[in-house]
Structure formats: structure tokens, C-alpha cells
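This briefing is meant for a reader who is meeting the structure for the first time.

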Amino acid sequence: MDISKLRAQTGYITLDDGYGNTGSCESAITFIDGDKGILRYRGYAIEEVAQHSSFIEAAQLLIWGELPTKAERDRFGQLLGENAALPEPMRRHFSSFPPSAHPMAILSAMINALQAYDLPHLKIDTPEQFEVAAASLISKVRTLAAASYKSSIDEALVYPRPDLKYAENFLHMMFSKPYQEYVPTPEVAGALNLLLVLHADHEQNCSTSTVRMVASSQANLYASAAAGVCALWGPLHGGANQAVIEMLEQIEEQGISVKDYVARVKDKTAGVKLMGFGHRVYRNFDPRASIIKKAADALLDKMHIQDPKLELARELEAAALSDDYFTERKLYPNVDFYSGIILKAIGIPIDMFTVMFAIGRMPGWIANWKEIHDNPTARIYRPRQIYTGPTPRPFVERRDRHHGIRS
Ligand code: ACO
């Protein structure tokens with residue numbers, strides 16, 4: 001239902017808490033059928049994109065709408081290489097964060113700071129300028145993420161290597177040392193590539209809607225992406241991948257049985273959620289979760305890792321899926337339920353998990369920013385509200401205030 005003229009014609013507006021029923025835009029990027037568990041990037045099934053595409057190819061598909069030719073892949077690859085390194089003065093910024101800073105705080109701050117250095121890429125008038133800005137952001141978010149980790153453990157920042165592919169280059173910057181090169185196995189690099197592909201876009205979720213909201217004021221690509229990072233951080237959204245592992249650790253450390261934990265989750269007064277379960281749109285399996293679960297099994301097997309958390313996650317999933325509380329509410333594992341198991345096996349520290357999500361989601365944010373930027377009739381996003389505060393009242397002078405804020 002198009003309600004854009006409703007207020008002008010009737011004086012009424014609609015109210016939809018959490019936007020559960022509100023389409024905020026038209027978009028040609030990603031399709032989801034939450035009841036059937038379908039996810040498609042530009043018409044291609046996620047299962048096929050995950051099987052055949054690199055993260056960069058998926059990014060080009062999302063941003064420009066078609067799978068790239070070899071020439072287009074090569075050109076974009078070259079731009080990623082040319083834009084991978086941080087401007088030298090920017091490296092100094094990392095030492096000004098305290099060691100306790102969360103990597104998501106550093107990442108959002110540093111993407112904002114990047115605007116001070118990537119000045120030529122802020123003004124986008126041509127498709128060529130946009131391509132360079134997109135490449136710079138996709139490439140540098142990975143460099144910033146690795147640098148924030150290195151600085152948090154007080155190790156020298158590692159420069160990117162233009163000869164490495166996207167995931168390999170990130171792992172190099174994370175785990176190489178000036179005196180010792182880290183070379184990931186193909187399985188590790190492949191698992192990371194897969195995770196990034198699966199996180200690349202997911203239509204109008206909280207962070208992408210935030211990016212579009214900011215973009216609608218004609219804010220530049222970097223400012224809009226930094227806002228997306230902040231929105232992603234929350235535990236109900238991208239922060240859930242960290243929260244899942246912390247939940248599994250808590251269950252392990254406190255020796256809580258699966259049965260007892262599920263009982264706690266069902267007891268609404270306990271305020272405990274089964275993290276990594278449930279989704280606003282999927283009322284069926286999240287197709288990304290099914291792919292990630294298989295990939296986690298395969299990776300741990302290949303690396304000969306026996307992680308009790310994987311076993312615990314499987315038990316929790318089985319217990320939840322056979323419990324009326326979850327089936328009646330159509331709560332299934334989402335993308336975050338098993339992704340932490342893979343990230344942990346790769347060696348990514350837990351507080352970097354949401355940063356990994358941000359790296360993966362960057363193409364989706366850029367594609368959504370582009371949709372707004374390219375639309376000559378785009379309007380600023382400005383929702384209405386239903387005011388519930390006091391009715392008009394006379395101002396109270398200081399000497400007459402007997403009731404304070406908290407009384
Ligand atoms: N554990 C226990 N109960 C849950 C959970 C959960 N994980 N998720 C939803 N429910 C319950 C709600 O309490 C509610 O119960 P009620 O009908 O008795 O009140 C019912 O299921 C419906 O849930 P809503 O809160 O209406 O679902 P909503 O669409 O608003 O929220 C969300 C979706 C935020 C993902 C929620 O399911 C949740 O908090 N999950 C855990 C956090 C998480 O995994 N987030 C990652 C999402 S995926 C992503 O962002 C990449």
C-alpha cells in the first residue's frame with residue numbers, strides 16, 4: 001500500500017513500532033522471502049553466490065547490479081590494491097586509543113577520520129569517482145580493522161600486500177609480524193571469503209537503514225558508512241556474533257545444562273535471550289546459517305579442532321528447535337549462531353567479530369548509498385511521530401521548582 005499521500009489527503013499518519021510493517025524504500029539490490037528462507041543478491045540465490053563468487057565479485061554484483069567481466073574484476077582489483085594502504089599520518093591515530101577501546105569504536109572513529117584524508121573521494125560526480133571511492137572504502141576498512149587489532153595488542157602495524165587476494169591480505173595484516181610472514185591455509189582463507197560473501201548485504205536491516213537515513217541528507221559515502229558501523233555494533237544486530245560466543249562461554253564456565261539455559265531463555269522475567277536465534281524477517285531457516293553451519297563443521301574438521309562450543313551450539317540448536325516456545329514463535333538460528341565458531345577457529349579475537357561483520361557488510365552499505373545518490377527524486381528520510389509528552393504548560397521559574405527531575 002502506497003501511503004505517501006495519506007497525511008495530505010486525510011490528516012492521519014501510520015504508526016509502526018520498529019518498522020515491522022513499513023517499507024522504507026524501493027530497492028533493486030537484495031531480495032528476501034523470510035517465510036520461505038530465500039535470500040538473493042541481484043536475483044542470484046545466495047547458495048550459488050556463496051559457492052562460486054569471491055567476496056569482491058559479490059561486492060561488484062551488489063554495487064553495480066551485474067556479475068563483473070574479467071576486465072571489470074581486474075580493474076576493480078587494481079583499484080583495491082592502489083587504495084589498500086592507510087595514509088601514513090593516519091597510522092599515528094591508533095596510538096591515541098586506550099588499549100581497552102573496543103575495535104568497533106576504533107573502526108567507526110577511523111572511518112570518520114578517513115574523510116579528512118580521502119578528501120578527493122568525498123565528492124562524487126562521475127561513475128569513475130564513485131568506483132574509486134567504493135574501492136578505497138572496501139579496501140581500507142580491512143586495513144583499518146587489522147590495524148585496530150595490532151594496535152590493541154601493541155604490535156607494529158603491518159602494511160597491505162597488493163599481490164594478495166582480499167581475505168588473504170586481511171589475514172596477512174592481522175597475523176603477520178615484521179619478522180614473520182603469516183600464510184593462511186586455503187581452507188582458512190576460503191572460510192573467511194565465504195563469511196564475507198554471506199554478510200555482504202541483507203536489505204533494510206538496522207545498519208543499512210541507518211546508512212540510507214544518513215545518505216538521504218546527502219552526507220558522503222564515508223560518513224554514511226561510519227554511521228552503519230555504529231548501528232551494526234548493537235547486540236541485537238551485528239554484535240550478536242560476539243554475544244553468541246560469550247553466551248556459550250558463560251554456559252560452559254558456569255556448568256549450566258542446555259535444558260536449564262533454555263528454561264532461562266523461556267522465563268521472560270530472566271531477561272535472557274538465546275543469542276543467534278530469531279530474526280525480524282526470517283520466520284524459517286536463515287539460509288546463511290545453514291551454509292555457515294556446514295562450513296564450520298568442514299573447517300574444524302580440516303583443522304583438527306575439537307571445539308566444545310560447536311558441540312554446545314549444536315545441542316542448544318537441537319533443544320530449541322524441538323521446543324514449543326521457539327517453534328511457535330518461528331525462532332531459528334540466524335547468521336550469527338555459527339559464524340563465531342568459524343571466526344574463532346581462524347584466530348580472530350572475540351571482540352573483533354563484529355568488525356568482521358562490518359568488513360563484510362561494506363558492499364551492501366555502499367550499494368544502498370549508491371541507490372540514494374543515483375536517484376534524482378530521492379527525498380530526505382524524515383519519519384513522523386506520535387507525541388506522548390505533556391500538554392502545553394507555563395514555564396516554572398527556578399525559585400518555584402519544588403519537584404526535581406527524579407522526584
Ligand atoms: N531468544 C528468546 N526469545 C526470543 C528471541 C531469542 N533470541 N528472539 C525473539 N524472541 C521472542 C520474543 O521475546 C518475542 O516473544 P513474545 O511474543 O512472547 O513477546 C517473540 O520471540 C518475537 O520476537 P520479537 O522481539 O518481536 O522479534 P523482533 O523481530 O523484534 O527481533 C531479533 C528480532 C532482534 C533478531 C530478536 O530475535 C533477537 O533479539 N535475537 C537475538 C539477537 C540476535 O541473534 N540478533 C542477530 C540478528 S541477525 C543480524 O542482525 C545479523
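A patch, as the word is used here, is made of residues with over 30% relative accessible area and no salt bridge, and nonpolar side chains are joined into one within 5 Å. The model is a predicted one, and a nonpolar surface patch of about 290 Å² is made in it by Ile-13, Leu-15 and Ile-386.

**Surface patch**
- Ile-386, one of the residues of the nonpolar patch, lies in the segment that follows helix H17 (353-373).
- With a relative accessible area of 45%, Ile-386 is partly exposed.

**Ligand surroundings**
- There are 22 residues around the ligand, and those that come nearest are Lys-268, Lys-273, Leu-274, Arg-280 and Tyr-325.
- Sorted by class, the shell around the ligand holds 11 nonpolar, five polar and six charged residues.
- A nitrogen atom of the ligand lies 2.8 Å from a backbone N or O atom of Leu-274, and a polar backbone atom of Phe-277 is 2.9 Å from a nitrogen atom of the ligand.
- In the side chain of Asn-334, an N or O atom is 2.9 Å from an oxygen atom of the ligand.
- The ligand taken alone exposes 920 Å², of which the protein buries 75%.

**Positive phi angles**
- Tyr-19, a residue other than glycine, has a positive phi near 55°; Tyr-19 sits in the loop between helix H1 (6-10) and strand S1 (30-33), and at 53% relative accessibility it counts as exposed.
- Gln-218 is not a glycine either, yet its phi is positive at about 70°; Gln-218 is placed in the loop between helix H9 (206-215) and helix H10 (221-232), and it counts as exposed at 75% relative accessibility.

Note on methods: Residues are numbered from 1 along each chain as its sequence is written. This is a predicted model: local features need pLDDT of at least 70, side-chain atom pairs count only at pLDDT 80 or more; totals for chains, interfaces and linings use all residues. Side-chain values use heavy atoms; hydrogens and water are left out. Patches are made of residues with over 30% relative accessible area and no salt bridge: like charges are joined within 9 Å, nonpolar side chains (Val, Leu, Ile, Met, Phe, Trp, Tyr) within 5 Å. Accessible areas come from the Shrake-Rupley method with a 1.4 Å probe; for residues, only the protein chains shown count as cover. A salt bridge is a side-chain nitrogen of Lys or Arg within 4 Å of a carboxyl oxygen of Asp or Glu. Helices (H or I, at least four residues) and strands (E, at least two) are DSSP runs, numbered from the N terminus. Buried means under 20% relative accessible area, exposed over 50%, partly exposed in between (1.4 Å probe, protein chains only). A residue is near a molecule or strand if one of its heavy atoms lies within 4 Å of it. A polar contact is a pair of N or O atoms within 3.5 Å; within protein, one must be able to donate a hydrogen and the other to accept it, and residues adjacent in sequence count only if both atoms are side-chain atoms. Ala, Val, Leu, Ile, Met, Phe, Trp, Tyr, Cys and Pro count as nonpolar, Asp, Glu, Lys and Arg as charged, and the others, Gly among them, as polar.
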